[in-house]
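This report describes one protein chain, beginning with a single residue and ending with the chain as a whole. Please keep the sequence and the 3D view open while reading.

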Amino acid sequence: MLLEFEVSKLLIIDDEPNLLYSLKKSLETDELEVITAATAEQGIAAFETHRPDAVILDVRLPDMSGLDAFNCLHQLESRIPVIIITAFSTTETAIEAMKRGAFEYLLKPVEFDELVLTVQRAIEMRQLGQAATTFSVPIDGDATAEQIVGRSPAMQEVYKAIGQVAPQDVNALILGESGTGKEMIARAILQHSRRADLPFLAINCAALPENLLESELFGHERGAFTGAEKRRVGKFEQVDGGTIFLDEIGDMTPATQAKVLRLLQDGSFERVGNNETIQVDVRVIAATNRNLLEMVKAGDFREDLYYRLSVFTIQLPPLRERVEDIPIFVEHFVKLFNQELRKQVRSIAPDAMLQLKQYSWPGNVRELQSAVKHALVRNVGEVLTLNSLPQSCRGETSTAPATGPSKLDAANLQQFVNELLSEEQPNLYQKLHNEIDRIVLPEVLSHAGGNQAQASEILGIARSTLRTKITDLGLTFEKRLRPETEHQD
């Protein structure tokens with residue numbers, strides 16, 4: 001959805017008089033004022049005077065390199081997007097332009113539809129800086145990956161549960177889907193426990209095969225198995241007096257489950273290859289994304305071990321059930337990755353935030369964290385935009401186009417054909433293709449952002465054919481910027 005703004009300003013800095021004239025005449029509308037400059041010095045002066053919403057800047061200017069001119073503009077106002085254009089493309093120039101913070105890098109001759117779309121996006125990003133959702137606390141503040149985030153009622157219950165179980169020296173079980181942050185909850189329990197200053201170790205039970213997991217947890221003697229060249233002290237022995245976190249405990253094999261059960265019962269175990277009993281005092285916090293009760297019923301998990309582990313259970317809700325926490329997570333991750341990536345993102349566009357709230361997040365908080373980092377890497381400027389989000393979060397896929405009609409609903413297609421046959425309609429083939437075009441063309445044009453050149457390439461048809469189909473079917477697609485006269489390719 002395009003936003004309605006007052007008259008915007010576009011500054012074009014290029015030393016080609018014909019190009020300046022053509023772009024000004026083609027791009028200028030009642031909604032967009034176009035200012036031109038033929039040198040870097042004139043452009044910088046116009047930039048200071050007019051404070052445009054976007055800039056088109058040529059790389060080669062008579063008095064200064066376009067990249068140097070970009071630096072000058074960036075120092076004056078870093079939040080105004082600059083589109084770099086050039087007829088002399090080199091890999092180094094493109095990389096350097098984007099590295100310095102250019103909004104886009106285009107090659108001459110610039111396709112008009114592509115330029116219109118790029119200018120539109122640049123101006124919208126500039127304007128969104130004022131309409132964006134500003135973060136609630138100073139974005140320059142410190143953030144750490146270990147912080148637990150969330151203020152939803154569901155998370156308030158989790159915090160209460162942490163406060164209840166942490167001081168009590170009992171085992172705890174944390175349940176939740178992958179990516180919900182179970183290890184962070186375990187560390188929070190440790191932090192508020194009486195064992196906070198004592199050893200803590202975490203181990204992923206799903207990451208090791210059975211023989212290695214048993215050795216990792218309980219240790220082994222030299223020669224206990226092939227490759228055991230020296231004695232190994234296991235995790236339980238290392239963490240004596242402290243806390244151990246057993247992640248993905250649902251993936252533990254029955255033999256290892258039996259040894260863990262004995263340790264929980266009386267604090268004793270033997271190293272692999274030794275009959276000597278070792279006594280330890282260890283608090284166990286376990287976690288899994290699996291349904292342990294169902295596994296108990298199926299005979300895949302020991303019932304007695306389940307009850308030993310679940311003295312106190314904390315259920316972590318998936319992200320889709322606490323949507324109100326998403327803005328807080330986004331703020332937190334932006335702060336975290338601003339520091340890491342040396343970015344200056346300070347707000348997020350409303351449509352980007354809406355998309356993040358509407359997405360189902362099958363990977364939960366871990367997926368959101370990855371999506372925000374991806375967005376910051378791609379983003380230009382201080383406003384996190386919708387276009388910077390990963391395709392998966394925007395409901396898009398990068399799969400190859402189908403080679404046949406299998407992607408269509410065969411039943412509906414057959415029904416439509418039968419209706420035409422029963423009505424003895426003429427030109428059945430054309431009517432059928434028209435109905436398909438009514439579905440396909442809007443989707444492809446939407447995917448291409450209204451760029452007919454890109455849409456025709458995706459469809460594999462000529463632009464003239466695409467234009468004819470759009471006209472014949474009465475399809476309309478609004479553009480923010482319109483030339484006063486029909487542009488000739």
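## A residue in strand 9

Leu246 is part of strand 9, which covers residues 243-247. The model shown here is predicted.

Is Leu246 buried or exposed? Its relative accessible area is 0%, and a residue counts as buried when that value is under 20%. Leu246 is therefore buried.

Which residues does Leu246 touch, if those up to four places away in sequence are not counted? They are Ile203, Cys205, Leu217, Phe236, Met252, Val284, Ile285, Ala286 and Ala287. One of these, Leu217, lies 29 residues from Leu246 along the chain, and the C-alpha atoms of Leu217 and Leu246 are 9.7 Å apart.

## An annotated aspartate

Asp58 belongs to strand 3, made up of residues 54-58. An unreviewed UniProt entry places the feature "modified residue: 4-aspartylphosphate" at Asp58. This label comes from the record, and such annotations may be inferred rather than shown by experiment.

With a relative accessible area of 5%, Asp58 is buried, because the cut-off for buried is under 20%.

Helix 6 spans residues 153-165 and helix 7 spans residues 182-191. The axes of helix 6 and helix 7 come within 9 Å and cross at roughly 40°. How are helix 6 and helix 7 oriented to each other? An angle under 35 degrees would count as roughly parallel, and 65 to 115 as roughly perpendicular. Helix 6 and helix 7 are therefore oblique to each other.

The crossing of helix 6 and helix 7 is right-handed. On the side of helix 6, the contact is made by Val158, Ile162 and Val165. On the side of helix 7, Ile185, Ala188 and Ile189 take part in the contact.

## The chain as a whole

How many helices and strands does the protein chain have? There are 19 helices and 15 strands. The chain has 489 residues, and 44% of them count as buried. Leu246 and Asp58 are both buried.

Among contacts in the protein chain with a separation of 6 or more, 71% involve residues 24 or more positions apart. The chain exposes about 25600 Å², and carbon and sulfur atoms supply 49% of that area.

How values were computed: Residues are numbered from 1 along each chain as its sequence is written. This is a predicted model: local features need pLDDT of at least 70, side-chain atom pairs count only at pLDDT 80 or more; totals for chains, interfaces and linings use all residues. Side-chain values use heavy atoms; hydrogens and water are left out. Helices (H or I, at least four residues) and strands (E, at least two) are DSSP runs, numbered from the N terminus. Buried means under 20% relative accessible area, exposed over 50%, partly exposed in between (1.4 Å probe, protein chains only). Contact means heavy atoms within 4.5 Å. Accessible areas come from the Shrake-Rupley method with a 1.4 Å probe; for residues, only the protein chains shown count as cover. Axes are lines fitted to C-alpha atoms, for helices over the stretch in contact, and angles run from 0 to 180 degrees between N-to-C directions. Angles under 35 degrees count as roughly parallel, over 145 as roughly antiparallel, 65 to 115 as roughly perpendicular and the rest as oblique. A crossing is left-handed if the near helix is turned anticlockwise from the far one by less than a right angle, and right-handed if clockwise.
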